[in-house]
Amino acid sequence: MNILLIVSGGIAAYKSIDLSSSLVKKGNDVRVILTENAKNFVTELPFQSLTKNRVYTNTFDELNENEIQHIDLTKWADKIIVAPATANIISKFSCGIADDLATSLMLAVQDVTKVYIVPAMNTVMFNNPIIKENISKLLKLGFNFVEPDSGLLACGDVGKGKFPTVEKIEKAVFSETELDLKGKKVLVTAGPTKEFIDPFRCLTNPSTGKMGIAIANEFKKRGAEVILVTSVKNDTILNGIKVLDVVSTKDMFEAVKNNFKDCDYIVKAAAVSDYTPVLVFDKKVKKQDGNLTMEFERTQDILKYVGENKTEEQIVVGFAAETNDLLAYAREKIVKKNLDYIVANDISQKDIGFGSDNNEVCIIDKFNNITKIDKSSKTNIAKEIVDTVTK
């Protein structure tokens, strides 16, 4: 395979020497681009010696008159790895800046799904909202990201932003599951629902929809046709996913009912309201002396409806967000609602679940087999969930 490795100017640049060596040992033809800033940390010689190819550094240094290197390299490469990817180069990619060979080349890539970006930087920089927004933008466009590790950083801080292992990078780049779900159709629900009391107030919950969106994105990356039923707006939703906007549980029920019958997988990750007001006021309810009593009625149980009306071939996955007796409630739910799998997570833990980028779950199938996934990013957990339910 033809691999183009772009090395940008971070302290982790020296680790890309090991990466290039490993890629070559696995039989790949590797070519390397060093940015001007990268040359402050590493030289051309080790990459040239390991890959047996010239190293590219300058947009205008056209050593072959028949080659326009920032165009021809993109055509030559089967995969492009940017490692390390600094905050600077990620931001340039996101904004379409083309002021050197690496950034000019990225604008000439026709299929960005072959690009794998490996962030490595200080944890504060990695968590900066500007960088998060730029990463989200690139993810939505179809770029792949290899999540950095957590640990002791070069500056002495401890946190996320460490250059991941060569094995982790190669596993992401050479995943054998790529497009394995082409031809499959999937429906995913995500986020909270809102049950309005009056035009100003509603019943809802803290769900952000991140877990459901991560699952929808994972199915899409692997070639499936994806319908996402959600109440949230999120920049990380991949292009090509059909989004059905909803507000209330009733809205979500109707959207699911009208779209799930020809789907191979139905994943209900949304946190819906179980009750809705019997009477909805058309004007804002004013403050008054004494208590206010309202009557609520049960909403339609979307997951139970799907479980009762699914075919033998359809796989239905539910979620159980609990604060206590997690596995017991999850097992009860999988039987009661005729599910194939249920994903159970403990929402009482403040550093996972609602609003967090991380989660920790147990995947239980209808035969009571349990797969425990320790705390990890919701993107990683989404991969594990999709792997499990499609195997």
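Analyst: With the strand labels. Strands are DSSP runs of E, at least two residues long, numbered from the N terminus. Keep in mind that this is a predicted model.

User: Where is the place of Cys155?

Analyst: Cys155 is in the loop between strand S7 (149-152) and strand S8 (158-162). The UniProt record, an unreviewed entry, puts the feature "active site" at Cys155.

User: How do S7 and S8 run, and how many bridges join them?

Analyst: Strands of a sheet pair through backbone hydrogen bonds, either parallel or antiparallel. S7 and S8 run antiparallel, joined by 4 bridges. Asp149 has Lys162 in S8 as its bridge partner. The two strands form a hairpin with 5 residues between them. In the turn, Gly156 has a positive phi of about 100°.

User: What is the strand order in the open sheet of 8 strands?

Analyst: The order is S13-S12-S9-S14-S17-S18-S19-S20, and the pairing is mixed. Strand S13 (242-245) and strand S20 (370-377) are at the edges. Each has a single partner strand, so one side of each lacks a neighbour in the sheet. From one strand to the next, the twist averages 15°.

User: In which sense do S9 and S12 pair?

Analyst: Strand S9 (residues 185-190) pairs with strand S12 (residues 225-230) in the parallel sense, over 6 bridges. Lys185 is opposite Glu225 in S12.

User: Which strands does helix H12 touch?

Analyst: Helix H12 (residues 326-336) packs on the sheet and touches strand S17 (315-322), strand S18 (341-346), strand S19 (358-365) and S20. The direction of H12 makes about 155° with that of S18. H13 lies across strand S14 (265-268), S17, S18, S19 and S20. H13 runs at about 160° to S20.

User: At what angle do the axes of H9 and H13 cross?

Analyst: Two packed helices are described by the angle between their axes and the distance between the axes. Here, the axes of helix H9 (residues 210-221) and helix H13 (residues 378-390) cross at roughly 55° and come within 8 Å. That angle makes H9 oblique to H13. The crossing is right-handed.

User: Which residues meet there?

Analyst: From H9 come Lys210, Met211, Ala214, Ile215, Glu218 and Phe219. They meet Lys378, Thr379, Ile381, Ala382, Lys383, Ile385, Val386, Val389 and Thr390 in H13. The residues of this contact divide into 9 nonpolar, 2 polar and 4 charged.

Technical notes: Residues are numbered from 1 along each chain as its sequence is written. This is a predicted model: local features need pLDDT of at least 70, side-chain atom pairs count only at pLDDT 80 or more; totals for chains, interfaces and linings use all residues. Side-chain values use heavy atoms; hydrogens and water are left out. Axes are lines fitted to C-alpha atoms, for helices over the stretch in contact, and angles run from 0 to 180 degrees between N-to-C directions. Angles under 35 degrees count as roughly parallel, over 145 as roughly antiparallel, 65 to 115 as roughly perpendicular and the rest as oblique. A crossing is left-handed if the near helix is turned anticlockwise from the far one by less than a right angle, and right-handed if clockwise. Contact means heavy atoms within 4.5 Å. Ala, Val, Leu, Ile, Met, Phe, Trp, Tyr, Cys and Pro count as nonpolar, Asp, Glu, Lys and Arg as charged, and the others, Gly among them, as polar. Two strands pair if DSSP finds at least two bridges between them. UniProt positions are given in the numbering used here, feature names are shortened, and annotations may be inferred rather than shown by experiment.
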